[in-house]
Amino acid sequence: MLKRPVALSLIITLFLSFVMFDTPTTYGEKIDYKKIFKNECEKCHGSDGKGSKRGKNLGVPDFTDPEWQASVTDEQLIASVTNGKEKMPKQEGKLSPEEIKAMVKYVRMLAPKKGR
């Protein structure tokens, strides 16, 4: 008779553990940063990060410029994406903090590779 309550409590515990954890985040769901960039950033920043015609008119930076890359920290980029900057709309509430960090990593990947 004792086995049934133990089994039931085990099932309830397992169920609650899945409910309490955000399973995609907990188990590392992959963020499609290219899709996010295409949907949220490409209009102004261009598919290559150099800036679209519209973006250049708005004064967006060239993400492929090594000097620009060196002039901003990841924290500054996270703040710009999160809160918006000048005419750039904020992404807070639209993108998760993890997605914003992934976008910053993607922007860093657009920098030219240093010569060997």
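**Buried cysteines, core and aromatic pairs**

At 18% relative accessibility, Cys-44 counts as buried (under 20% relative accessible area with a 1.4 Å probe, protein chains only; exposed is over 50%, partly exposed in between). The model is predicted, so local features need pLDDT of at least 70 and side-chain atom pairs pLDDT 80 or more, whereas totals for chains, interfaces and linings use all residues. Residues are numbered from 1 along each chain as its sequence is written, and side-chain values use heavy atoms, without hydrogens and water.

**Cysteines**
- Cys-41 is also buried, at 18%.
- The structure has zero disulfides (cysteine sulfur pairs within 2.5 Å), and the sulfur of Cys-41 lies 9.0 Å from its closest cysteine sulfur, in Cys-44, too far for a bond.

- Met-103 touches Tyr-33, Ile-36, Phe-37, Cys-41 and Leu-95, leaving aside residues up to four places away in sequence (contact: heavy atoms within 4.5 Å).

**Aromatic pairs**
- There are three aromatic pairs (rings of Phe, Tyr and Trp, its six-membered ring, with centres within 6.5 Å; planes under 30 degrees apart are stacked, over 60 edge-to-face, the rest tilted).
- Phe-37 and Tyr-106 pair edge-to-face, at 5.1 Å centre to centre and 65° between the planes; Phe-37 is buried at 2% and Tyr-106 at 10%.
- Phe-63 and Trp-68 form a tilted pair, at 5.1 Å and 40°.
- Tyr-33, Phe-37 and Tyr-106 make up one aromatic cluster.
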